[in-house]
Amino acid sequence: MDSPWVGLGGRRGLAWVLGWLLFWVGGVGAVKAVASAPKAVRLPNVVLIYCDDLGWGDLGCFGAKGIRTPNIDSMARRGTKFTSFYVAQAVCSASRAALLTGCYPNRLGIHGALGPKQKIGLHPDEMTIAEVLKPRGYATAMFGKWHLGRPPELLPVRQGFDEYFGLPYSNDMWPRHPNAPVGTYPPLPIIEGDRVVEEAPDQSLLTRRYTERAVQFIERSAGKPFFLYLAHSMPHVPIFAGKDHAGRSRRGVFGDVIEEIDASVGAVLKALRRHGLEDDTLVMFTSDNGPWLSYGNHAGSAGPFREGKGTSFEGGIRVPCVMQWPGRIPKGRVCDTPLMTIDVLPTLAGLAGAALPPRKIDGLDVWPILRGDAGATNPHAAYFIYYNQGDLIAVRSGDWKLFLPHTSQTLAGGPGGTNGVPARYQPLRVGLELYNLRRDPGETTDVSGSEPEVLSRMLLLAEEARLELGDARTRRVGAGVREVGRVP
Ligand code: MG
């Protein structure tokens, strides 16, 4: 029998020795590499749920009465409730532009709510959250209301979303017929990808259909990081609840609609749980603006705040917000630090290790606030609120809010409308007014006369905003304003 040592001087022996050497050098090297490599970090999935015209006071965890929202309330218990969360403008398109790009809508040339026949929208060169996350290997999908441009060239699938299904604009927008009786709603297009696949969908099925798509997407994407943007059309008027929810709440159709949205949140959370994804997923739930108060019993509530949608009072721009991410976002916490939707994109980019858009954005990474770091403060000097076609309306800085003179709207204490027919707003003249939101969250007492130093500091901040973002009211063109997306 050959001894293993026999023939060490031969060719086979040389190969054997080299093999051992390679084994040891390679093996030890590999061990060292493993020891020094950073621990593999799983990129977080992101689920962003955006309601339409849901008010600050419309969820159980925000004090709603007669509306049951156990799933959203569970998010607040298992995560953090943000009580000073702002949208950039109290109207659909502008609000959505800010959320998805991290920019004030003024910077993007997006104002108000785009109509179905307008040929403008979010410029294809602007980067959405989906486009920011894609280079990091994210699957991206959007289901629901887009409202950032109806032409096929401006739809979500041209803005970084792998797939899209939903209404391209508000569910009350249709080719208006002068004799159309109140309550009839002519065709709305359902778009899949960039094609109309259906006309006149049954609106009582919208919440369910968006939810089914969302759940399917989570199930298909479980193996890689994903970004899901679920933008409900509800509870924007006309409101409809599905048959499983109709007549179930103590708050009529409006309550039914919110309870169905809550069930949708439950279905999404359940899908995450089923696939073991809850700990790897940041779920955010919020709204695009406050309640459309003129619709009365078909509108929500701004809770303790003044006015609603279409105004820059707190009821229009402060929205309910809850976020959960077990182990990363503190559970059962209430955070009153002001935040705005413009901060979502840079915060998500930071979490995913993604590059920020090459063009200037306005939002800042607020992860230390979301994570609940002791002493974390808002990194902005101020937030700026625009309205109409680019009018600078208000500035929020610290506890203070400045209003610049403008005309707003109010029901002036009168009743809202009933069953889908709106009451008429009255114009409301707002002067140069200053409120301390900590002492006076309801914006009842103008203290501009007694706080001259705060007033002049806030006016300087307003002037800084005008330089960069413009102000139509004072006929200023901002240096940083870009072209809106336009198709010929
Ligand atoms: Mg809205």
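These legends go with a set of close-up views of a predicted model.

**View 1. The whole chain, before zooming in.** The protein chain has eleven helices and 19 strands. Of its 488 residues, 57% are buried. Among contacts in the chain with a separation of 6 or more, 69% join residues 24 or more positions apart.

View 2. As a bit of background, nonpolar side chains in soluble globular proteins tend to be buried together.

**View 3. Who sits around Met-323.** Leaving out residues up to four places away in sequence, Met-323 touches Met-75, Gly-79, Thr-80, Phe-82 and Phe-85, among others. Its list of partners also includes Leu-282, Val-283 and Met-284, along with Ile-329 and Leu-370.

**View 4. Thr-101, a polar side chain tucked away in helix α3.** Thr-101 belongs to helix α3 (residues 92–101). Its relative accessibility is 1%, so Thr-101 counts as buried. A polar atom of the Thr-101 side chain lies 3.1 Å from the backbone nitrogen of Cys-103. Not counting residues up to four places away in sequence, Thr-101 also touches Leu-108, Leu-122, Met-127, Leu-345 and Ile-361.

**View 5. Helix α9, mostly covered.** Helix α9 spans residues 344–352, and eight of its nine residues are buried. Those buried residues are Val-344, Leu-345, Pro-346, Thr-347, Leu-348, Ala-349, Leu-351 and Ala-352. Leu-345 is one of the residues that Thr-101 touches, which links this view to the previous one. Just after α9 comes Gly-353, with a positive phi of about 65 degrees.

**View 6. Helices α6 and α7, side by side.** A pair of packed helices is described by the angle and the distance between their axes. Here the axes of α6 (residues 206–221) and α7 (residues 252–274) come within 9 Å and cross at roughly 10 degrees. Angles under 35 degrees count as roughly parallel, so that is how α6 and α7 run relative to each other. On the α6 side, the residues that meet α7 are Thr-207, Arg-208, Thr-211, Ala-214, Val-215, Ile-218 and Glu-219. Their counterparts in α7 are Glu-260, Ile-261, Ser-264, Ala-267, Val-268, Ala-271, Leu-272 and Arg-274.

**View 7. Leu-392 in strand β14.** Leu-392 is found in strand β14 (residues 391–397). With 0% relative accessibility, Leu-392 counts as buried. Setting aside neighbours within four places in sequence, its contacts include Phe-384, Ile-385, Tyr-386 and Leu-404. Ala-462, Ala-465, Arg-466, Asp-471 and Arg-473 are also in contact with Leu-392. Leu-404 is twelve residues away from Leu-392 in sequence, and their C-alpha atoms are 7.3 Å apart.

**View 8. His-406 in strand β16, reaching for Leu-404.** His-406 lies in strand β16 (residues 406–410), and at 9% relative accessibility it counts as buried. A polar atom of the His-406 side chain lies 2.8 Å from the backbone oxygen of Leu-404. Beyond neighbours within four places in sequence, His-406 is in contact with Ile-393, Leu-428, Arg-429 and Val-430.

Terms used:
Residues are numbered from 1 along each chain as its sequence is written. This is a predicted model: local features need pLDDT of at least 70, side-chain atom pairs count only at pLDDT 80 or more; totals for chains, interfaces and linings use all residues. Side-chain values use heavy atoms; hydrogens and water are left out. Contact means heavy atoms within 4.5 Å. Helices (H or I, at least four residues) and strands (E, at least two) are DSSP runs, numbered from the N terminus. Buried means under 20% relative accessible area, exposed over 50%, partly exposed in between (1.4 Å probe, protein chains only). A polar contact is a pair of N or O atoms within 3.5 Å; within protein, one must be able to donate a hydrogen and the other to accept it, and residues adjacent in sequence count only if both atoms are side-chain atoms. Axes are lines fitted to C-alpha atoms, for helices over the stretch in contact, and angles run from 0 to 180 degrees between N-to-C directions. Angles under 35 degrees count as roughly parallel, over 145 as roughly antiparallel, 65 to 115 as roughly perpendicular and the rest as oblique.
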